[in-house]
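Okay, thanks for making time, everyone.

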Amino acid sequence: VKGAPEQVVSLCSRDFRSSLSPARRRAVLQRNDELAAEGLRVLAVAWRRVGHARAARLDRGYTLIGLIGLRDPLRAGAAEAVRE
């Protein structure tokens, strides 16, 4: 899965090291804030194995892979388009 860090982290029970403790969750979200403060668009990425059972809960049990900070500069003409 990929998406807003606050939402993706809430789906995760571990990261690549071990269980995702409350302190580790806070550290990940703090890093998200730092990247966002640098003007980056931030996505969190996580994964889990999904079985064949249709009743499997897909809202928990993910492993946090990490955060991705994307620089998304304004395109030429964007300011003019907003003014219009």
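Quick housekeeping before that. This is a predicted model, where local features need pLDDT of at least 70 and side-chain atom pairs count only at pLDDT 80 or more, while totals for chains, interfaces and linings use all residues. Residues are numbered from 1 along each chain as its sequence is written, and side-chain values use heavy atoms, with hydrogens and water left out.

What we have is an open sheet of 4 strands in the order 1-3-4-2, and the pairing is mixed. Strand 1 (2-3) and strand 2 (12-15) are at the edges with a single partner strand each, so one side of each has no neighbour in the sheet. Pairing here takes at least two DSSP bridges between two strands. As a reminder, strands of a sheet pair through backbone hydrogen bonds, either parallel or antiparallel.

Which way do strand 3 and strand 4 pair, and over how many bridges? They're antiparallel, over 7 bridges.

Now helix 2. That's residues 22-37, so 16 residues, and from first C-alpha to last it reaches 22 Å, close to the 22 Å expected at 1.5 Å a residue. The expected span, by the way, is 1.5 Å times one less than the number of residues.

Which residues of helix 2 are buried? Val28, Asn32 and Leu35 are. They sit on the same side of helix 2, because they cover an arc of only 70 degrees around the axis; that arc is taken from the directions from the helix axis to the C-beta atoms. For the accessibility words, buried is under 20% relative accessible area, exposed is over 50%, and partly exposed is in between, with a 1.4 Å probe and protein chains only. On the face turned away from the buried side you'll find the exposed residues Pro22, Arg26 and Ala37.

What do those buried residues pack against? Helix 1 (5-11), strand 3 (41-47) and strand 4 (62-70), with contact meaning heavy atoms within 4.5 Å.

On to salt bridges, of which the structure holds 3. The criterion is a side-chain nitrogen of Lys or Arg within 4 Å of a carboxyl oxygen of Asp or Glu.

Asp15 pairs with Arg24, and their closest N and O atoms are 2.7 Å apart. Asp15 counts as buried, at 2% relative accessibility, whereas Arg24 is partly exposed at 25%.

Next, Glu34 and Arg31, at 3.1 Å, N to O. Both are in helix 2, 3 residues apart, about one turn of the helix. Glu34 is partly exposed at 34%, and so is Arg31 at 38%.

Then there's Glu80 with Arg83, at 3.1 Å, N to O. These two are in helix 3 (residues 78-83), separated by 3 residues, or about one helical turn. Glu80 is partly exposed at 37%, but Arg83 is exposed at 62%.

Thr63 is in strand 4, and at 15% relative accessibility it's buried. Leaving aside neighbours within four places in sequence, Thr63 is in contact with Cys12, Arg14, Asp15, Phe16, Val45, Ala46 and Trp47. So that list includes Asp15 from the salt bridge with Arg24.

The other one is Ser13, in strand 2. Buried or partly exposed? Partly exposed, at 39%. Not counting residues up to four places away in sequence, Ser13 touches Ser19, Leu20, Arg25, Gly61 and Tyr62. Ala81 is another matter: Ser13 and Ala81 are 68 residues apart in sequence and 43 Å apart in space, C-alpha to C-alpha.
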